[in-house]
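Subject: Structure handover

Hello,

Here is the structure I promised to pass on. Please open it before reading the rest.

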2 protein chains.
Amino acid sequence: MCHGRVNTRLPVLERRARLVDAALAVAEQDGIAAMTVRRVAEQAGVALGVVHYCFADKDELLDALASRIVDDLTGAGSAALDDAPDIATALAAAVDGLWAGIEQSAGTQLLTYEITTHALRTPGLRAVADRQYAASQAAAERLLTLVGSAAGASWRRPVADLAAEALAFVDGVTLRWLVDGDATAARARLASFANYLATQAKPSRRRSSRPHHRDGFRR
Amino acid sequence: MCHGRVNTRLPVLERRARLVDAALAVAEQDGIAAMTVRRVAEQAGVALGVVHYCFADKDELLDALASRIVDDLTGAGSAALDDAPDIATALAAAVDGLWAGIEQSAGTQLLTYEITTHALRTPGLRAVADRQYAASQAAAERLLTLVGSAAGASWRRPVADLAAEALAFVDGVTLRWLVDGDATAARARLASFANYLATQAKPSRRRSSRPHHRDGFRR
DNA sequence: GTCTATAGTTGGATAGAC
DNA sequence: GTCTATCCAACTATAGAC
């Protein structure tokens, strides 16, 4: 007979996954401080003890939650970019996609900041914060590389440096948006930074649709 | 008879100030979650009940703490800038001073992010986050205006916009520095943003403090 | 594997003595 | 104004029944 959809008697890994789902739901809604073992158990529809059976302690659950969020966020941001006539167009498209993803996940964004600060305060969770930034940095580098190739341009400075700067800016803009709720201003700020980034690229291959060429001089 | 230095029988306002001091010490050290009413009372050397006598509840104490931090941080950042030959020099000096202030107050910086996220999660503390950003925005505008006049330049775009962008960038750079501890990279990122800001200014008056005019022809 | 029951802490808040 | 004593709620974690 089929194994059915009942919640009881799940393999541990499956149970862990569902508990992380529950933890995410609670933390997204009411913040990291509200994510207690009790509420997670309640949200998952299991008894309190089950959580402690699947995770050594609360920190381990939080660690798993952080990994889950990192996977969700970096996985979502990897949509392909269409070819673009120039770097400004490609950057605008990238910013659009990026901001759309951010705007529809406000709770998760806020939660990310909460997890970062909490990890910095908790000795045993130091690796969590490192992982968050390593993943974000990698995603930013991937996106910039994609933008470059979509526009047929290359970057004048190391992509890692540009990605770090872009990441910092997006972080700051997002945090402020969470506070003031002004999405229009946030988008304008991102557009402004995209303008700056455009000055950091130079055409590296001839675009088929661009008859004229402009000479490159350094800085 | 003098009123002495004993801790007992203080006027309420003085007592409140000392409790905020204590709250700041605790929160800087161990984070906002560790800032319990009990620990604050202990740190201040008073009984638990005293805190509840001076503050209606914990949120009111936290509100006062947030105000205190905002005052400290924006007050510290208002050092005068010397006259500078050009905008790049003025910006470099401003960044130096800004970063020096940030680097020597890591605990407070982290605490600021914690307070922001906590305020966003707590309906009664919404005003706290708004106040933080209003003060930061004002300080950033003040600094940029100062930079402009020190270099005898004016900004091509509204100072408010540039300040908001600078604030976002500094926020993001600071948060990442708190995670990875790489002050050199942080400074490099700020310097890079200063370069961008320099392109947003144009000379508006002849420098007067120099008898020899090495004047600025724009290369 | 899952549940109930409970131990053991810690925290916010208040009442009432001094 | 300050302190002690106490209430009550919520939390983490574990032990042991099923």
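This is a predicted model: local features need pLDDT of at least 70, side-chain atom pairs count only at pLDDT 80 or more; totals for chains, interfaces and linings use all residues.

**Chain A overall**

Chain A has 9 helices and 2 strands. Along the sequence they run α-α-α-α-α-α-α-β-α-α-β. The chain holds 219 residues, and 46% of them are buried. I also looked at contacts in chain A between residues at least 6 apart in sequence. Of these, 67% join residues at least 24 apart.

**The core**

The largest nonpolar core has 136 residues. Which members touch the most others? They are A:Met35 and A:Ile87 from chain A, with B:Met35, B:Leu65, B:Ile87 and B:Ile115 from chain B.

Take B:Met35 as an example. Beyond its neighbours within four places in sequence, B:Met35 contacts B:Ala23, B:Val26, B:Ala27, B:Val40, B:Lys58, B:Leu61, B:Leu62 and B:Leu65. One of these partners, B:Leu65, is itself among the core members with the most contacts to other members.

**Between the chains: α8(A) and α7(B)**

The crossing is left-handed.

From α8(A), the contact uses A:Leu175, A:Arg176, A:Leu178 and A:Val179. From α7(B), it uses B:Arg126, B:Ala129, B:Asp130, B:Tyr133 and B:Gln137. By class, this contact of α8(A) with α7(B) has 5 nonpolar, 1 polar and 3 charged residues.

B:Thr116 sits in helix α6 of chain B. Is B:Thr116 buried or exposed? Its relative accessible area is 3%, so B:Thr116 is buried. Not counting residues up to four places away in sequence, B:Thr116 touches A:Leu175 and A:Val179 in chain A, and B:Ala129, B:Gln132 and B:Tyr133 in chain B. B:Thr116 and B:Ala129 are 13 residues apart in sequence, with C-alpha atoms 5.2 Å apart.

**Within chain B: α1(B) and α6(B)**

Helix α6 of chain B (residues 106–121) also meets helix α1 of chain B (residues 12–30). The two axes come within 8 Å and cross at roughly 90°. That makes α1(B) roughly perpendicular to α6(B). On α1(B), the contact residues are B:Leu24, B:Ala27 and B:Glu28. On α6(B), they are B:Gly107, B:Thr108 and B:Leu111. The contact of α1(B) with α6(B) divides into 3 nonpolar, 2 polar and 1 charged. B:Ala27 is also one of the contacts of B:Met35.

**Within chain A: α5(A) and α8(A)**

Helix α5 of chain A spans residues 87–103. It packs against α8(A) at about 40°, with the axes 12 Å apart. That makes α5(A) oblique to α8(A). The crossing is right-handed. α5(A) supplies A:Leu98, A:Trp99, A:Ile102 and A:Glu103. α8(A) supplies A:Val170, A:Thr174 and A:Trp177. By class, the contact of α5(A) with α8(A) has 5 nonpolar, 1 polar and 1 charged residues.

A:Leu91 is also in α5 of chain A. Its relative accessible area is 4%, so A:Leu91 is buried. Which residues does A:Leu91 contact, leaving aside neighbours within four places in sequence? They are A:Val147, A:Trp155, A:Ala194, A:Leu197 and A:Ala198. A:Trp177 is 86 residues from A:Leu91 along the chain, and their C-alpha atoms are 21 Å apart.

**Two partly exposed residues in chain A**

A:Asp86 lies in the loop between α4 (58–76) and α5 of chain A. With a relative accessible area of 27%, A:Asp86 is partly exposed. A:Asp86 and A:Ala151 are 65 residues apart in sequence, and 5.0 Å apart in space, C-alpha to C-alpha.

A:Arg39 is in helix α2 (residues 37–44) of chain A. At 30% relative accessibility, A:Arg39 also counts as partly exposed. Leaving aside neighbours within four places in sequence, its contacts are A:Val26, A:Asp30 and A:Ala34. A:Arg39 and A:Leu144 are 105 residues apart in sequence and 40 Å apart in space, C-alpha to C-alpha.

Best wishes

Technical notes:
Residues are numbered from 1 along each chain as its sequence is written. Chains are lettered from A and ligands numbered from 1 in the order in which they are written. Side-chain values use heavy atoms; hydrogens and water are left out. A nonpolar core is a set of buried Ala, Val, Leu, Ile, Met, Phe, Trp, Tyr and Cys residues joined through side-chain atoms within 4.5 Å. Buried means under 20% relative accessible area, exposed over 50%, partly exposed in between (1.4 Å probe, protein chains only). Contact means heavy atoms within 4.5 Å. A crossing is left-handed if the near helix is turned anticlockwise from the far one by less than a right angle, and right-handed if clockwise. Helices (H or I, at least four residues) and strands (E, at least two) are DSSP runs, numbered from the N terminus. Ala, Val, Leu, Ile, Met, Phe, Trp, Tyr, Cys and Pro count as nonpolar, Asp, Glu, Lys and Arg as charged, and the others, Gly among them, as polar. Axes are lines fitted to C-alpha atoms, for helices over the stretch in contact, and angles run from 0 to 180 degrees between N-to-C directions. Angles under 35 degrees count as roughly parallel, over 145 as roughly antiparallel, 65 to 115 as roughly perpendicular and the rest as oblique.
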